[in-house]
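Hi,

Here is the structure I promised to pass on. Have a look at it first, and then read my notes below.

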Amino acid sequence: MNKERNIRVLVLDDDKFMLNFVSHLLRELGVSEVLVAEDGKAGLFVLSAQVAIVDLLIFDIEMPGMDGIEFLRNIADQKYGGKIVLFSGVDAGLLKATERLAVVRGLNVIGTLAKPVTVGALAAILEQLSLPIRANVDPSRIRQIFDVEEIRQALIDDHIDMFYQPKISAASARVTSVECLARWRHAQYGYISPDNFISIIEQSGLINDFTRNILKKSAQQLDLWLQQGLDLKISVNVSMQNLDRFNLPEIYEEAVRGCNVPIDRVILEITESKLGEDFARSLDILTRIRLKGFGLSIDDFGTGYATMETLKYMPFTELKIDRIFAHGATKDASARAILELSIKLGKVFGLNVVVEGIETQADYELAAELGCDEIQGYFIAKPMLPDEFVQWLSDYEKNQ
Ligand code: C2E
Ligand code: CA
Ligand code: CA
């Protein structure tokens with residue numbers, strides 16, 4: 001038996017593509033046994049069923065059902081003694097906080113990986129296990145999951161589809177709007193989540209074309225729905241990298257006006273984590289976006305660095321509390337406190353407060369009780385293609 005490959009790794013991710021991809025890379029790097037699980041429960045089962053120990057556990061801290069923080073609590077209770085690597089598409093701050101939590105619980109975290117995962121990053125982790133990696137790894141594989149050219153071609157060939165996830169009013173349960181989420185329709189891998197390719201688009205200077213394209217597609221879809229008599233708004237994700245040009249408000253206005261859609265039915269969501277980098281420029285652009293009539297949402301609130309100053313001066317109309325607080329809140333006192341205080345804070349600033357990542361009846365009831373305005377999450381519905389969404393909406397309304 002080849003000693004250097006004698007290691008057992010368990011990979012946990014709800015994203016099937018990532019699961020296959022990371023397992024494949026690990027095998028390429030010479031790992032002898034790669035086990036996979038698609039959620040926390042299955043992961044715990046694999047761990048408890050293993051006669052021999054799992055040497056390394058690599059898992060996504062954001063999974064539906066049992067999230068990474070609950071999973072850590074469980075494996076700490078089980079006295080898991082192997083090494084751990086956390087990975088996630090969320091920002092570095094949240095990953096660090098989770099890492100600290102694991103260490104406090106006595107777990108042995110040897111590193112974190114941001115998506116998209118690369119062979120190079122995985123090889124560095126395996127090196128820390130003092131397991132020499134196979135020398136003959138094909139260097140051409142040491143690259144991003146997808147290279148820029150592959151993505152550029154996908155954009156040219158229009159292989160990006162939009163999925164729509166409803167948001168409902170907490171008071172009336174009526175569907176108010178949809179968040180527009182991009183998916184790459186890949187010939188080999190099926191639908192690929194944006195966590196695996198948005199950062200590459202950002203790094204390669206394609207993000208402006210990408211966002212304008214997404215905005216146009218989503219506005220065209222909204223136009224169709226409005227013509228069918230559906231009273232909806234849309235929320236579109238804008239990357240902070242987009243805020244690099246002062247004429248952005250005009251570009252977005254043109255994209256939406258070309259589709260006959262009233263601008264006040266379009267909300268742009270921006271992740272708070274990078275808002276402070278160039279405050280004056282962000283303030284200038286965002287204020288003019290508001291002046292054009294767009295709604296502006298501060299996304300993933302609670303995971304980044306939004307300060308009181310951001311809330312006070314930036315012209316936001318909506319605050320979206322990150323799913324990590326929504327889902328943990330019924331079982332975890334500190335998550336509940338953050339959820340409750342964030343809702344209050346949003347209300348003080350007169351914002352429409354949305355709680356996302358609602359997965360269970362209990363999550364739903366707590367968010368509504370704490371006074372948020374709108375709710376989004378798998379408990380209501382997963383993101384869907386347009387036809388599926390229309391069918392879902394009709395069924396949903398019949399049951400109201
Ligand atoms: P986000 O803006 O926070 O979007 C919500 C994400 O949470 C979506 O993942 C959605 O599928 C997922 N989600 C919704 N409800 C639940 C739930 O109850 N539980 C759990 N565990 N997850 C839930 P998705 O579509 O994979 O998107 C990931 C991120 O990629 C988005 O996070 C957003 O930041 C980014 N993204 C998506 N589409 C675009 C886009 O067109 N442009 C840009 N710049 N970013 C995008
Ligand atoms: Ca969003
Ligand atoms: Ca979000």
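Predicted model: local features only at pLDDT ≥ 70, side-chain atom pairs only at ≥ 80, totals over all residues.

**Notes on the model**

Setting aside residues up to four places away in sequence, Tyr189 touches Phe17 and Phe146. Phe17 is 172 residues away from Tyr189 along the chain, yet the C-alpha atoms of the two are separated by 6.7 Å.

**The whole protein**

Now for the overall picture. The protein has 15 helices and 14 strands. Its C-alpha atoms fill a box of roughly 65 × 45 × 45 Å along the principal axes.

Of the 400 residues, 53% are buried. The accessible surface comes to about 17800 Å², and carbon and sulfur atoms account for 51% of that. If you look at contacts between residues at least 6 apart in sequence, 72% of them join residues at least 24 apart. As for charges, there are 42 positive and 58 negative ones, and their mean positions lie 1 Å apart.

**The loop between S14 and H15**

Two residues in this loop are worth a click. Ala381 is found between strand S14 (374-376) and helix H15 (386-398), and Met384 has its place in the loop between S14 and H15 too.

Is Ala381 buried or exposed? Ala381 is buried, because its relative accessible area is 5%, and the cut-off for buried is under 20%. Met384 has a relative accessible area of 9%, so it is buried as well.

What do they touch? Leaving out neighbours within four places in sequence, Ala381 is in contact with Gln165, Pro166 and Trp392. Counted in that way, Met384 touches Met162, Phe163, Tyr164, Pro166, Phe389 and Trp392. Pro166 and Trp392 therefore turn up in both lists.

Met384 and Glu374 are 10 residues apart in sequence, and their C-alpha atoms are 19 Å apart in space. Ala381 and Val90 are 291 residues apart along the chain, with 21 Å between their C-alpha atoms.

Next, go to helix H3 (residues 68-77), where you will find Glu70. Glu70 counts as buried because its relative accessibility is 9%.

Which side chain does the side chain of Glu70 make a polar contact with? The partner is Lys331, at 2.7 Å. The side chain of Glu70 also reaches the backbone nitrogen of Asp67, at 3.0 Å. Beyond the neighbours within four places in sequence, Glu70 is in contact with Gly65, His327 and Lys331.

**Some backbone details**

- The peptide bond from Lys115 to Pro116 is cis, and its omega is near -5 degrees. Pro116 lies in the loop between strand S5 (108-114) and helix H5 (119-128).
- Asp158 has a positive phi, near 55 degrees, in a residue other than glycine. Asp158 is in the loop between helix H6 (148-156) and strand S6 (160-169). With a relative accessibility of 40%, Asp158 counts as partly exposed.
- Asn260 is not a glycine either, and its phi is positive at about 65 degrees. Asn260 belongs to the loop between helix H9 (248-257) and strand S10 (266-271). Is Asn260 buried or exposed? Its relative accessible area is 64%, so Asn260 is exposed.

**Where to begin**

If you open the model in a viewer, you could start with Glu70 and its polar contact with the side chain of Lys331.

Best wishes

Terms used:
Residues numbered from 1 in each chain as written. Chains lettered and ligands numbered in written order. Heavy atoms only, no water. Helix = DSSP H or I, 4+ residues; strand = E, 2+ residues; numbered from the N terminus. Buried < 20%, exposed > 50% of the residue type's maximum accessible area, 1.4 Å probe, protein only. Contact = heavy atoms within 4.5 Å. Areas by Shrake-Rupley, 256 points an atom, 1.4 Å probe, with all protein chains shown as cover. Lys, Arg positive; Asp, Glu negative; His and termini not counted. Charge placed at Lys NZ, Arg CZ, Asp CG, Glu CD. Polar contact = N/O pair within 3.5 Å; in protein donor to acceptor, adjacent residues only side chain to side chain.
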